[in-house]
Structures are given as C-alpha cells and as structure tokens.
Amino acid sequence: MQNEFYPFINLPLPYAYDALEPFIDTLTMHLHHDRHLQTYIDNLNKTLESYPPLKSLSLTSMLKNLPQLPESVQQSIRNNGGGVFNHRFYFNLMGKPSADYTRGPFSAALMRTFGNLQQFQISFKDAALSVFGSGYAWLVLDKGNLKIITTANQNTPLEYGMAPILAIDVWEHAYYLKNYNLRAQYIDNWFQVLNWQQAEQNYFHALCSQHIQ
Ligand code: MN
C-alpha cells in the first residue's frame, strides 16, 4: 500500500469517480472519497502531530499493535487510522468487474470453505446486513482459514490479527444518496463492481502475511 507513513495524504481513486455507474453513483464517490476519507486523514495527521515518535510507524503496524500505543491516542488511531485503512482498502477493491472470477486459487479457496460462490455471496450479504449501525463486513484470513466477520465503526481486522481480503463499507454515507435505507440493494450493486483480481491479490497477500507471522 502506498503512503503508509505520516504525513498521510488522500491518494486519488484508482478509477474515475463515475467509473462505477450505474451501481455506485458519482456523487457518492465524490463525497465518500473527497470528504469522508479526507476527514479521517486530517484527524489521523493531527493525532500523530501530537506524538512525534508515532510518525515513524506505518499505518498497519499502528493498527496491529494498538494496545502498545500511548493510551491517550489509541481510540483516535483506531477510529481515524482505521478510517484511512478501511476506506483505501474498500475503494481499491472496486472497479471494472473481471471477466471470469470462477477460476484460480482464490475462487477455489472460497468454494472449499463455502461450498460454492453463490453460497459465499449469500453468507457475505447476510453478514453485511447484520451490521447494526455503522461498520463493515469482511472476508478475512484467520490463522489460515477464510472467515466472514463484521466490525463496528472503523475497527479493522488487523487489530484482531486477521488479514483482510474483502471489505464492504455499510455506513449509510456509502449508499444513502442512491439507495436510501435499502442496504440490501447497495450490497447487490457492490458485488457488481467488485474487482476480483484485486480480491485475489489481497488473498495472496493475506496468505503471505499470515505465513510470516
Ligand atoms: Mn465510508
């Protein structure tokens, strides 16, 4: 991941704001990236300015080691550092749908764990619908096993020693303009713009990171 160290900047989206139409609308992408993510970036930088030693730590190492950070900044880094990590992860995972995602090691692993891809999608959607209030649903690698989990607010799976592969942001700001309160409709649309090539890369990265641990 680029820009892993202070000062954090708002990296441009890896596609145009309107690239996900008609599934995710242009205005939502502008507000979500340029305002919501920007706010997390500004607040994370502000927090780190008050604790210069933390400026030498990468974003992921801070999130993996929250209990070792000064107590007075833990919550801000969980919220704002998590907000930066989660949004970058979520934005990078969307794009042009790949032609065929039913082949390859990642699909094979999904099928081994969930039976088939349709069952995986049903389980993932159920998890995303089950988030009460604001949070995320994730597919993670946990001690070598694929698992679907949810997190509240901007908490990350890194905090729990898990390696993320897929993430859907189910805060209302991610879908309210287009879908109003219909989160299920947004989740279906999100599957349409899920970049499976990136997902497979995340899967390989997760395998390597857990192997190193
Ligand atoms: Mn968001």
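This is a predicted model: local features need pLDDT of at least 70, side-chain atom pairs count only at pLDDT 80 or more; totals for chains, interfaces and linings use all residues.
Colleague: What makes β1 and β3 a pair of strands?

Modeller: Two strands pair if there are at least two bridges between them. Strand β1, residues 135–142, and β3 share six bridges, in the antiparallel sense. Therefore β1 and β3 count as paired. Val140 stands opposite Pro164 in β3. Leu141 has Ala163 of β3 as its bridge partner.

Colleague: What is the strand order of the open sheet?

Modeller: The order is β2-β1-β3, three strands with antiparallel pairing. The edge strands are β2 (145–152) and β3 (163–169).

Colleague: Why are β2 and β3 called edge strands?

Modeller: Each pairs on one side only. From one strand to the next, the twist averages 20°.

Colleague: How do you know that β3 is mostly covered?

Modeller: Buried means under 20% relative accessible area. Seven of the seven residues in β3 are buried, so β3 is described as mostly covered. Helix α3, residues 71–92, lies across β1 and β3. The helix runs at about 85° to β3.

Colleague: Which residues have the most contacts inside the largest nonpolar core?

Modeller: They are Ile77, Met94, Leu139 and Ile168. This core has 65 residues. Its largest share, seven residues, comes from α3.

Colleague: What does Leu139 touch, leaving aside residues up to four places away in sequence?

Modeller: Contact requires heavy atoms within 4.5 Å. Among the residues Leu139 touches are Phe106, Leu110, Phe114, Phe120 and Phe124. The list also includes Leu146, Lys147 and Ile148, along with Ala163, Pro164, Ile165 and Leu166.

Colleague: What describes the packing of α1 and α3?

Modeller: Two packed helices are described by the angle and the distance between their axes. Here the axes of α1 (residues 26–49) and α3 come within 9 Å. They cross at roughly 145°.

Colleague: Which hand does the crossing of α1 and α3 have?

Modeller: The crossing is left-handed. On the α1 side, the residues that meet α3 include Met29, His32, Leu37, Tyr40 and Leu44. On the α3 side, they include Val73, Ile77, Gly81, Val84 and Phe91.

Colleague: How many charged residues does the contact of α1 with α3 have?

Modeller: None; the contact has eleven nonpolar and ten polar residues.

Technical notes. Residues are numbered from 1 along each chain as its sequence is written. Side-chain values use heavy atoms; hydrogens and water are left out. Helices (H or I, at least four residues) and strands (E, at least two) are DSSP runs, numbered from the N terminus. Axes are lines fitted to C-alpha atoms, for helices over the stretch in contact, and angles run from 0 to 180 degrees between N-to-C directions. A nonpolar core is a set of buried Ala, Val, Leu, Ile, Met, Phe, Trp, Tyr and Cys residues joined through side-chain atoms within 4.5 Å. Buried means under 20% relative accessible area, exposed over 50%, partly exposed in between (1.4 Å probe, protein chains only). A crossing is left-handed if the near helix is turned anticlockwise from the far one by less than a right angle, and right-handed if clockwise. Ala, Val, Leu, Ile, Met, Phe, Trp, Tyr, Cys and Pro count as nonpolar, Asp, Glu, Lys and Arg as charged, and the others, Gly among them, as polar.
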